[in-house]
Each structure stands twice: as structure tokens, then as C-alpha cells.
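Keep the model open as you read.

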Amino acid sequence: ELLKVSVVLYLAHLFAGEQEPAVRFRRILVAIVIVLLSAILILLQRDYSTTLVFLLVSLAMFLVGGLHLRYIALFSFGILVPALIFLFTEPYRIKRVVSFLFPSIDPTGLNWQVRNSLAAIASGRLLGKGIGNGIYKLGIIPEVQSDFIFASLAEETGFVGVLFFFLLFAAFALLGFRTAWKHVGTESRFASSASFGITFMILCQALVNLAVVTSLLPPTGIPLPFFSQGGTNLFMILAECGLLYRFMISSSQEVRADG
């Protein structure tokens with residue numbers, strides 16, 4: 001968790017530095033090496049999904065940092081082949097992909113959480129069963145307090161609660177990207193890139209978690225930001241939001257100063 005935000009801040013620092021072509025080229029090479037080494041460290045912890053999210057966020061950082069699209073495409077192709085190789089090097093990853101493509105093969109095994117997650121979401125209907133009145137959290141969905149907490153939220157609050165949930169994340173995205181945009185063209189290029197990277201990383205984690213819970217992606221271990229149980233993840237999310245809030249304050253001060 002600390003590595004992810006550290007690399008985002010480091011990339012923002014690199015892209016905010018000297019823009020002379022030769023220096024910039026060396027900075028980009030250093031950034032690519034840092035990203036790849038960090039991805040390997042995450043992968044060595046047997047966290048394949050987090051590695052993919054980390055690489056996606058890094059690619060987005062390269063994009064906003066001004067790297068040409070052809071180099072981004074080349075870098076993406078360069079990590080695609082190893083990613084596919086690593087996907088099929090572990091039996092449990094193969095089982096997850098197969099169970100995702102063919103859900104009827106193992107309905108009481110790997111697909112148990114997803115099937116009950118969808119049932120819990122559907123049972124919420126319009127207004128839900130009420131906070132604390134959900135039944136799927138009582139052992140029907142294993143470890144519901146972590147990666148599948150959205151299913152319990154949908155069951156207890158219904159469509160209205162889910163709509164409010166998405167509005168909260170939409171507001172977070174708006175504030176985060178708006179902060180990044182306000183720093184564009186100013187001396188605070190670091191704040192612009194860092195604001196974008198932090199916002200994009202949190203949203204990516206949320207989207208991947210929701211895609212897993214709703215059976216749009218194979219089961220994986222990405223927690224839902226702000227909601228899933230987990231001390232380290234929640235602590236780092238709040239730390240990232242603290243940084244983002246600091247960038248928001250500085251952007252408002254710059255606007256008032258210019259005015």
C-alpha cells in the first residue's frame with residue numbers, strides 16, 4: 001500500500017522536473033525502471049490483480065506526464081506478454097479465469113461468493129432491508145466485510161443506497177480531477193500529476209472491486225476504498241485523501257492570489 005502511493009508521488013516529481021529533452025528522456029527511463037521493479041515486488045507477494053492496477057495507474061501517469069502515445073503503446077505491449085505468462089503460472093489464477101468464463105463448472109466453489117453477491121444485490125430492491133437487517137452477511141457470503149462489502153451495502157440500502165454510493169464516488173472523482181486540472185499550467189506541476197494519480201488510483205481500485213462483486217471480472221482481492229475492512233489499506237487511502245485535500249487548498253489559494 002505504501003509502495004503504490006510512493007511511486008505515484010515519485011512519478012509526479014519526475015514529470016514536474018526539468019523539461020529539457022535529454023533530461024526528460026533520462027527521467028522517463030528512470031521512471032520506467034522504478035515502475036517495473038515496483039511491479040515485480042508486488043507480484044512476488046502473489047498479488048497479481050494489484051500489480052495490474054498498479055501498472056494501469058502508472059500508464060495513466062505517463063500519459064498525463066506528456067509521454068507520447070506510441071511509447072505508451074510500446075510499454076503496454078511490453079508488459080502485456082509477461083502479464084499473460086504470469087497469469088497462467090499459478091493454478092489458482094487459472095481456476096479463477098476458467099470459473100469466470102464458465103460459471104456453471106464450479107457453482108459451490110470459486111463462484112460461491114459471486115453468485116451470492118449477485119443474489120444479495122438483487123434482494124435489496126428499491127429501499128433495501130434496512131441497515132443491520134441483511135442476512136447474506138451472516139456467513140452466506142464469506143468475508144463479506146472485506147472485498148464483498150458492496151453486496152451487503154446493496155442488500156441493506158437498496159437501489160437508493162447504491163445510487164448515493166455512486167454519487168459519493170462521482171463527487172470524489174470530480175473534486176480530485178478538478179484539483180489536478182486547476183494546477184495545470186501553473187508552477188505546481190507536481191500537485192497536478194499527484195492529484196490525478198491519487199484520484200485515478202482510488203477510482204481504479206473501486207471499479208475493479210465493483211466489477212468483481214457484480215461478476216464483470218474474475219474474483220480477486222482488491223478492497224473497496226473507504227468501505228472494506230483492513231487497517232493498512234484504509235490508513236493509506238485516508239493519507240492519500242489528506243494529500244489530495246492539501247492540493248485542493250493550495251489550488252484555491254492560487255486562484256485567490258491570481259484574482
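A salt bridge here is a side-chain nitrogen of Lys or Arg within 4 Å of a carboxyl oxygen of Asp or Glu. By this rule the count comes to 3 salt bridges. The model is predicted, so local features need pLDDT of at least 70, side-chain atom pairs count only at pLDDT 80 or more, and totals for chains, interfaces and linings use all residues. Residues are numbered from 1 along each chain as its sequence is written, and side-chain values use heavy atoms, with hydrogens and water left out.

Start with the pair Lys 4 and Glu 1. Their closest N and O atoms are 3.2 Å apart. Burial follows relative accessible area: buried is under 20%, exposed is over 50%, and partly exposed lies in between (1.4 Å probe, protein chains only). Lys 4 counts as buried because its relative accessibility is 7%. Glu 1 has a relative accessible area of 32%, so Glu 1 is partly exposed.

Next comes the bridge between Lys 129 and Glu 155, at 2.9 Å from N to O. This pair links distant parts of the chain, 26 residues apart: Lys 129 sits in the loop between H6 and H7, and Glu 155 in helix H7. Helices are DSSP runs (H or I, at least four residues), numbered from the N terminus. Glu 155 is buried because its relative accessible area is 0%. Lys 129, at 31% relative accessibility, is partly exposed.

Glu 156 and Lys 137 also meet in a salt bridge, with 2.8 Å from N to O. Here too distant parts of the chain are linked: Glu 156 is in helix H7 and Lys 137 in the loop between H6 and H7, 19 residues apart. Glu 156 is buried at 8% relative accessibility. Lys 137 is partly exposed at 32%.

Now move to helix H6, residues 112-123, which holds Asn 116. Is Asn 116 buried or exposed? At 11% relative accessibility, Asn 116 counts as buried. Leaving out residues up to four places away in sequence, Asn 116 touches Tyr 136, Ile 140 and Ile 141. Contact means heavy atoms within 4.5 Å.

Turn to the interior. A nonpolar core is a set of buried Ala, Val, Leu, Ile, Met, Phe, Trp, Tyr and Cys residues joined through side-chain atoms within 4.5 Å. The largest such core has 59 residues, of which Leu 11, Val 35, Met 61 and Phe 62 touch the most other members. H8 gives the most to this core, with 13 residues. Apart from it lies another core of 5 residues, including Leu 43, Ala 83, Leu 87 and Val 97. Met 61 touches Val 8, Leu 11, Ala 12, Phe 15, Ser 193, Phe 196 and Gly 197, not counting residues up to four places away in sequence.

Helix H8 spans residues 189-213. Of its 25 residues, 21 are buried. H8 reaches 36 Å from first C-alpha to last, close to the 36 Å expected. That expected span is 1.5 Å times one less than the number of residues. Just after H8, Ser 215 takes a positive phi of about 65°.

Finish on the surface. A nonpolar patch there includes Phe 77, Leu 80, Ile 85, Ile 94 and Phe 102. Its residues have about 950 Å² of accessible area together. Patch members have over 30% relative accessible area and no salt bridge; like charges are joined within 9 Å, nonpolar side chains (Val, Leu, Ile, Met, Phe, Trp, Tyr) within 5 Å. Areas come from the Shrake-Rupley method with a 1.4 Å probe, and for residues only the protein chains shown count as cover. H4 gives the most to the patch, with 5 residues. Ile 85 lies in H4. Ile 85 counts as exposed because its relative accessibility is 52%.

Terms used:
Helix = DSSP H or I, 4+ residues; strand = E, 2+ residues; numbered from the N terminus.
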